[in-house]
Amino acid sequence: MPSLSESTQGKLQQLMPGSVIGIVGGGQLGRMMALSAKYMGFRIGVLDPTPDCPAAQVADFQVTADYDDRSAIAELAQRSEVLTYEFENVDADALDLVADTVAIPQGTDLLRVTQDRIHEKTFINQHGIGTAPWRAVNSLPELRSALEEIGYPAVLKTDTGGYDGHGQVVLRSADDLARLESVSADDFPPSILEGFVDFAFEASILVSGNGSDYVTFPIVRNIHKNNILHVSLAPAVISDETSRIATDLALRLADGFKLAGTLAIELFVLRDGSVLVNELAPRPHNSGHYTIEACSIDQFDAHIRGIAGWPLPQPRLLSPAIMVNVLGQHVPAVRAAIATHPTWNFHDYGKAEAKHNRKMGHITILGDDPESLADEAEATGIWDDLK
Ligand SMILES: Nc1ncnc2c1ncn2[C@@H]1O[C@H](COP(=O)(O)OP(=O)(O)O)[C@@H](O)[C@H]1O
Ligand SMILES: [Mg+2]
């Protein structure tokens, strides 16, 4: 478990327009970070192996290399005043190696905590915040005894590298366990067993910081299909008490990290209105895209202001809204819908290939009632494959 004490930044040096921000990772999150930064007058470099990746299309320069290529990270650091990242699976040691040539306002401990589910859950619990019950399991015998404690149903997840449900298996009964018995001891990845949470719904809250002050965004309800976010509805319909609990835990985690930039917190809201934290993402998040049109400051502006050491305003929801993801299979129908939906805000990430289930863009729709906006979107039939 990394210690946060040595590398907490406290008050950050304020970064001035004209400075270069280097982004490790050139997907849609990097692209939207870059667009925010450009409005503020920053220059952008991006490290990504794919030439002309989404972020590179709006950046000043690209270092075209793998994310873990240490000489490429050194080059990006050399050409930037500040480094940030758009995903959590960045080589934290490689960033530490360049920390004397470039500012890394988010620090690397935030990465180390969030890229490993055991570190992440330990950190959350140490801050007095609830998660599903969990046990670290590194072998079948450990899994068996963890199941005796936690019981069925449970979810087995790899410690590192999981996303959109990859690296997860739900265990509903001894039959499911039996299916795993064929995994040889050497092939059992370091994992975590979690009790299956019978939540009322999933939600998320974003918190942004500048190293010493923190602000939270409205809480949204998230609907996943096939473990991929499908729709976010803003605001989530929750009691004032649930909202207070979620906001309070977000501020506590932000302070624990001495957060600079945006952190997303995925939540399970239980039927009694209490809240458990599912996982953290040390960056802007898919469920926060609605903030671009619906809030007084969006998650990307807040990220850039935060890592630039600028003061942060309290985000306000200007209008209820929904965000719907556009996956590869939805692209033709969504392109056709441009002609007939003037109130839909179309975002396209500029990806070359529209693969099945690949996030290609999103749509944000403002209105009075998120539920009926979602019904209207579904009624188009564009997303029928997810039913
Ligand atoms: N302990 C759990 N109980 C119930 N559902 C879960 C649990 N863990 C994960 N899920 C479901 O699986 C989805 C993906 O899991 P998550 O831990 O967020 O991994 P990923 O990194 O793939 O997003 C969650 O959004 C939720 O719908
Ligand atoms: Mg998740």
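Visitor: Which element gives the largest share of the lining of the second largest pocket?

Guide: First, a word on the model: it is predicted, so local features need pLDDT of at least 70 and side-chain atom pairs count only at pLDDT 80 or more, while totals for chains, interfaces and linings use all residues. Residues are numbered from 1 along each chain as its sequence is written, chains are lettered from A and ligands numbered from 1 in the order in which they are written, and side-chain values use heavy atoms, with hydrogens and water left out.

Guide: Now the idea of a pocket: on a 1 Å grid over the protein atoms alone, it is an open set of points where a 1.4 Å probe fits, with protein on both sides within 12 Å along at least five of seven lines, and lining residues have an atom within 4 Å of a point. Helices (H or I, at least four residues) and strands (E, at least two) are DSSP runs, numbered from the N terminus. Here, helix 1 gives the largest share of the lining, 5 residues. Helix 1 (28-39), helix 10 (299-307) and strand 16 (345-348) each bring at least two residues to that lining.

Visitor: What kinds of residue line the second largest pocket, by class?

Guide: The classes are nonpolar (Ala, Val, Leu, Ile, Met, Phe, Trp, Tyr, Cys and Pro), charged (Asp, Glu, Lys and Arg) and polar (the others, Gly among them). This lining has 6 nonpolar, 2 polar and 4 charged residues. Among them are Arg31, Tyr39, Phe300 and His347.

Visitor: Which domains does that lining draw on?

Guide: Domain bounds come from an automatic or database domain assignment. The chain is divided into domain 1 (20-114), domain 2 (133-195) and domain 3 (201-386). Domain 1 and domain 3 each give at least three residues to the pocket lining. As for domain 1 and domain 2, their centres, taken over C-alpha atoms, are 34 Å apart.

Visitor: How many salt bridges does the structure hold?

Guide: A salt bridge is a side-chain nitrogen of Lys or Arg within 4 Å of a carboxyl oxygen of Asp or Glu. There are 22 of them here. Take Lys359 and Asp164, whose side chains meet at 3.8 Å, N to O. That pair links distant parts of the chain, 195 residues apart, with Lys359 in strand 17 and Asp164 in the loop between strand 6 and strand 7.

Visitor: Is Lys359 buried or exposed?

Guide: Buried means under 20% relative accessible area, exposed over 50%, and partly exposed in between (1.4 Å probe, protein chains only). Lys359 has 16%, so it counts as buried, while Asp164, at 30%, is partly exposed.

Guide: Another salt bridge joins Arg271 and Asp198, at 2.9 Å, N to O. Both residues sit in loops, so this pair ties together parts 73 residues apart in sequence. Arg271 and Asp198 are both exposed. You'll also find Asp93, Asp96, Asp109 and Arg112 linked in a salt-bridge network.
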